[in-house]
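Below are my notes, in the order in which I looked things up.

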Amino acid sequence: MTARRILTAIAVLSLSSGAALAQTVDLQTLFPAGDASVSGRIVQLLVVMTVLSVAPGLLMMVTSFARFAIALSFLRVGLGLQTTPNNLVMVSLALFMTLFVMAPTFQKAWDDGVKPMVENKISQQDGYTRTTAPFRVFMQANVRDKDLALFHELSSERFGEQSKVESDDLRVLVPAFMISELRRGFEIGFLVTLPFLVIDLVVATIMTAMGMMMMPPTVVSLPLKVLFFVLVDGWSLLVGALVKSFS
């Protein structure tokens, strides 16, 4: 009886597998020939995947992330701490500060551009224009006129006078905004590291006058710099100044 049951089960499985193999998938029903919508969806999928892959770069280019990251990096160098706080903590702090500063811009881009486009209320071209408009306003409010004029002038040499782009064009506005942020980040970094440099000089001078030539000055200055930074509530002062530095 057991052998008969096994043979019966094998026969049923073979019949069911044969029926399943007989039902082949017709690709023409999934991708009809000459259907432009399929090609369009494939292109849209590739564009979305590309945008997601370069999202970190876009975050640094059109937001306040670069200034925060540079200033925090200068702070760690000024303190003389190579790995404290670690990169994850510094980047996370810069990221959440960016979300705090850019929250109105993100919200406006979502309400005016992304949400209506997802709900098919506007076209993709209108959605792109409305989504990038808040970022253009933010960058124009924080870009230096000198940097903007530089790339506006270079655009005439690169693209010709007849095809000269406007000052609010992303090809001009984004690189001008980036170098403006780099400059401001280094300016803030200089102001951050200056007090720590004074402490290093004072400690080195005192140790030289005492004849302590064999002991590195950083051994003594490091705890003094950390103590100074904690006593003046440095994290609160720095973060508050960075957030208030944006229009």
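**Entry 1: after helix 10**

Which residue follows helix 10 with a positive phi? I looked it up, and it is Asp-233, with phi near 55°. I wrote down that this is a predicted model, so the angle is one the model gives.

I placed Asp-233 in the loop between helix 10 and helix 11. Asp-233 is not a glycine, yet its phi is positive. I noted the background too: most residues other than glycine have a negative phi, and most peptide bonds are trans. Next I checked how open the residue is. Asp-233 has a relative accessible area of 45%, so I filed it as partly exposed.

**Entry 2: the whole chain**

I then stepped back to look at the chain. I found 11 helices and 0 strands. Written along the sequence, the pattern is α-α-α-α-α-α-α-α-α-α-α.

The chain has 247 residues, and 26% of them count as buried. I also looked at contacts between residues at least 6 apart in sequence: 70% of these join residues at least 24 apart.

**Entry 3: confidence**

How far does the predictor trust its own model? I found a mean pLDDT of 78 for the chain, with 77% of its residues at 70 or more. Over residues 15–23, pLDDT stays under 50. For that stretch the model has 0 contacts beyond four places in sequence. My reminder to myself is that where pLDDT is low, the predicted coordinates should not be read in detail.

**Entry 4: helix 10 itself**

I went back to helix 10, which runs over residues 217–231. Its 15 residues reach 21 Å from first C-alpha to last, close to the 21 Å expected at 1.5 Å a residue.

Which residues of helix 10 are buried? I listed Ser-221, Lys-225 and Phe-229. They cover an arc of only 70° around the axis, and therefore sit on the same side of helix 10. The face turned away from that buried side carries exposed residues: Val-219, Val-230 and Leu-231.

I also wanted to know what the buried residues of helix 10 pack against. The partners are helix 5 (65–79), helix 9 (170–209) and helix 11 (234–244).

**Entry 5: aromatic pairs**

How many aromatic pairs does a search of the whole structure find? The search gave 8. I looked at two of them in detail.

One of the pairs is Phe-106 with Phe-135, which is tilted, at 5.8 Å centre to centre and 55° between the planes. This pair links distant parts of the chain: Phe-106 is in helix 6 (residues 87–118) and Phe-135 is in helix 7 (residues 124–142), 29 residues apart. I checked accessibility for both rings. Phe-106 counts as partly exposed at 28% relative accessibility, whereas Phe-135 is buried at 16%.

Another pair is Phe-196 with Phe-229, also tilted, at 6.2 Å centre to centre and 50° between the planes. This one joins helix 9, which holds Phe-196, to helix 10, which holds Phe-229, across 33 residues. Phe-196 counts as buried at 3% relative accessibility, and Phe-229 counts as buried at 9%.

I then noted a cluster: ring pairs link Phe-68, Phe-138, Phe-177 and Phe-246. Arg-67 lies over the face of Phe-246, at 3.9 Å from the ring centre.

**Entry 6: two leucines in helix 6**

I looked up Leu-93, which has its place in helix 6. With a relative accessible area of 29%, Leu-93 is partly exposed. Leaving aside residues up to four places away in sequence, Leu-93 touches Leu-72 and Trp-235. From Leu-93 to Ala-69, I noted 24 residues in sequence and 8.6 Å in space, C-alpha to C-alpha.

Leu-99 lies in helix 6. It is partly exposed, with a relative accessible area of 40%. Leu-99 and Ser-64 are 35 residues apart in sequence, and their C-alpha atoms are 8.9 Å apart in space.

**Entry 7: a cis bond**

Which residues does a cis peptide bond join? I found Thr-84 and Pro-85, with omega about -10°. Pro-85 sits in the loop between helix 5 and helix 6.

Note on methods
Residues are numbered from 1 along each chain as its sequence is written. This is a predicted model: local features need pLDDT of at least 70, side-chain atom pairs count only at pLDDT 80 or more; totals for chains, interfaces and linings use all residues. Side-chain values use heavy atoms; hydrogens and water are left out. Helices (H or I, at least four residues) and strands (E, at least two) are DSSP runs, numbered from the N terminus. The expected span of a helix is 1.5 Å times one less than its number of residues. Buried means under 20% relative accessible area, exposed over 50%, partly exposed in between (1.4 Å probe, protein chains only). The arc is that of the directions from the helix axis to the C-beta atoms. Contact means heavy atoms within 4.5 Å. Rings of Phe, Tyr and Trp (its six-membered ring) pair if their centres lie within 6.5 Å; planes under 30 degrees apart count as stacked, over 60 as edge-to-face and the rest as tilted. A charge sits over a ring if NZ of Lys or CZ of Arg is within 6 Å of the ring centre and within 35 degrees of the ring normal. pLDDT is the predictor's confidence in each residue, from 0 to 100.
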